[in-house]
Amino acid sequence: MSTLFYISSIVAIASTIMVITRYHPVHALLYLAVSFLSVGMIFLSLGAPFVAALEIIVYAGAIIVLFIFVVMMLNLGQETAQQEKEWLKPKVWVVPSALVLVLLAEMLLLLFTGSQQVMQVSQVDPRKVALSLYGEYIIAVELIGFLLMAGIVGAAHIGKHRKPSLHRFLQNGDTEKEKAMPVREQEVISNEQTVLHD
Amino acid sequence: MSATEHILIVVGVLFVLLNIAAGLIWVERRLLALWQDRLGPNRAGPLGVLIVLADTLKLFFKEDWIPPFADKWVFILAPAIVVGSVLLSFVVIPFAPGIVVADLNIGILFFLAMSSLGVYSIVLGGWASNNKYALLGALRGASQMIAYEVFMGLSLMGVVMLSGSFNLGDIVAAQQNLWFVVTQPVGFVIFFIAGIAETHRLPFDIPEAESELIAGYHAEYSGMKFGMFFIGEYLGITLISAMIVTLFFGGWLGPAFLPPLAWFVIKLFFFIGLFILLRASLPRPRYDQLISYGWKIILAIVLANLLITGAIALWLRG
Amino acid sequence: MISHLRTMWLVFLHLFKKKVTIEYPEEKAELHPRYRGRIVLTKDPDGGERCVGCYLCAVACPVDCIALQATEDENGRRYPDFFRINFSRCIFCGYCEDACPTYAIQLIPDFEMADYNRQNLVFEKEDLLIDSQGKYPGYNFYRVAGLEAGVKKKGEGENEEKPVDVHSLLP
C-alpha cells in the first residue's frame, strides 16, 4: 500500500506543479483535476475509500467542472496566456519557493530523524465516517450546514430576477419622479468612467 | 477466486460489454424503425445485424480530422474519457453471483464518482473544438449533468438506507424477498430520469440537440473519435440499465428455471428497450425547463423521499 | 406524467402495426401513369418521328441537359439530326414535355437508370426513340398542321380547308 501511496503522492505533487506553471487556464484546470484524482487515490491507499469517492465526486466531478465552466464562459484566448507568461517571472516565484524549500528540508529532517513510525493503514468504512460525523462532530456538521445555507440564500438573492428590462422608449418609468430623471444620463456617466479607467 | 479466473472475468465482461454497445446500434435502429412504422436496416446479414460491422468499418475508414483551430491534445483526450469512465463504472456491477470485476465496499459511490467524471468528456470536447455550437453544447451538458448527478446520488440513498450497504452485491442480496422498486418507487423513477439526463439520451439530449446545436459538443468530431462518443453513449445506456436492474429490480435474482446471468441480461435488455422507447416517443424539453424541473421539483421530491425512507427505516428497526 | 406514459404506450403499440416500407428491389412501388421518369421520344401512328426539332424543350430545360440539331428531309419534314439528353443533369421536372408542341418528348414512369459511369447516362437519339406513341395515341402532327411535308397534300389535313386560290378572289 505504501508504494501506491508514494506513487500517487508524486503524481499529486507533479500535477499541482503543472497547475501553477501552465499558461492556459483550461490546461491548468485539467492538471488540477488530475491532482484531485491523485489525492483521492492517496485516501484510498490510506484506507479511506469513502473519502476517496467523495473527493472524486465532489471535487473532481463537480467543482473543477464548474471552474472549467466559468473559464469557458470567460472565453480566454491567447492574450490571457501571454499575460500569464508575463506575470510568471522568476523574480515572482523564486523567493516563495526558496522559503518553501526550507520548510521541505525541515520536514524531511523531522521525517528521517524522528521516531520511525510505520504508516498505519486502517480501513475506515462509510459507517464509521457517518457515526463520527453525526456523533462526535455533529456541531461542526450543523455549522457547515448553516454556512452552506447562507451560501444558498446568497446565490438565490444574486440570481433573483431583476425588474424586466424595458425598451429604451418605454424606459422613462411610470412615476413622475422617474420621468423627471432620464435613464440615459446615467449611461453617459458610466461610459465616461470607463474611458477614464482605460 | 484465482488470478486466471479474475482475468477471464475482466476480459469477458469487457468483450461482452463492447459487443452489446456495438450491437445496440442495430437494436436501436431496428426498434426505432419499428416504432415509426418502418423496417430499419435489414439488408446486411440476417435481419441486418451486420450493419454494426458496416458502421464500424465506415467509422474506421473516415478521415480522422482534427480542426486546425482546435486544442489538439484536449480534443483527443475528450472521447477517451467518456468510454473510459463508463467502462470503469462497470467494474462494480455484479452480473451474477461471482461474476463481478471488483466487489468494492463503496460500489455505489464508485459508480457515482465515475459518472461524475463523464462530464469532462463533454466539457473538454466542446471547449477544445473551438466552435460556438460545440461550446454551447458543452455548457448545457455540464450544467445538466452536474445538476442531475445530485438527484441521481440522492435517489440512490433510499436504497442504501434500506439495504445498509454501499456494496452492490449486498444490495442485490437484500432484495431476496422484495425488489426495491416496490419499496422505493419514487427513488426508481427519479434515478431513471436522472439516468437519462446523465447519459444525455433523448429526450434529454440537450447538449447535442441536432435541431438546435447541429450536434452540440461533438460537432467537430469525425472518424473513430466520434465513434468513441457514439459507443460511449450506448455504454452509458447499458450502464444505467444495469444499475437500475441491480438497484431496483433485484439484479440476477429470479425464478430458478433460468440461470442468474440470464435473468440479469433479460432485465437489462428490458430497460435498454425502455430507453429506446423513450427516444421514439417523447419530445425534447427546453434547456431551462429541464434545469428548473430538476432543481425545483425533483430535488424536493427526492429529499422528501429520503426523509420518509429514513423515518420508516428507523421506525422499523425500533 | 400520465400523458407521457400514454404516449409511450401508444408508440409501443406501433410495434404491431403494418409497416409502410416498400422493400424496393424485391417489391416495386406502383408508379402512376403520369409519373415523371425516364424521357423518351415517341413516334406518330405512321411510324415517323414526332419531333420536329423546334428546340423548345432545350430552351425550357432548366438545367440545359437537352441538346439537338434540327434538319429537314427531301420532303421538307423537319426532324432532329441528333438529339442528346444528359441524364446525369436531368432533374425530371417535365418542362420539356410541357413545352413540346408535337407530343414528341414524354416522361414515362421508369426511374431505374442508375449507372456507375457518367458517360453512360448521356442518351443519344437512338437510345431515346421508342417505337410507341406514348400517352397520346393517334396523334400525328403533320396531319393537323398546314405544312406539306410528305405526309399529306396541302389542304388535306384534318379540319383543314382547301387552299384558297388568291387569284380567284379578284372582282
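## Chains, domains and contacts

Chain A is divided into domain 1 (1-123), domain 2 (125-159) and domain 3 (168-198); the bounds come from an automatic or database domain assignment. The C-alpha centres of domain 1 of chain A and domain 2 of chain A lie 25 Å apart.

This is a predicted model, where local features need pLDDT of at least 70, side-chain atom pairs count only at pLDDT 80 or more, and totals for chains, interfaces and linings use all residues. Residues are numbered from 1 along each chain as its sequence is written, while chains are lettered from A and ligands numbered from 1 in the order in which they are written.

Two residues are in contact if their C-beta atoms, placed from the backbone, lie within 7 Å. Of the two pairs of chains in contact, chains A and B share the most contacts. No contact joins chain A and chain C. Their closest C-alpha atoms lie 29 Å apart.

Now chain C. Its C-alpha trace spans about 100 × 40 × 25 Å along the principal axes. Chain C has five helices and five strands, taken as DSSP runs (helices H or I, at least four residues; strands E, at least two) and numbered from the N terminus. The pattern along the sequence of chain C is α-β-α-β-β-α-β-β-α-α.

| Property of chain C | Value |
|---|---|
| Radius of gyration, over C-alpha atoms | 24 Å |

In chain C, residues 24 or more positions apart account for 69% of the contacts with a separation of 6 or more.

Key: Rg over C-alpha atoms; globule rule 2.2 N^0.38 Å.
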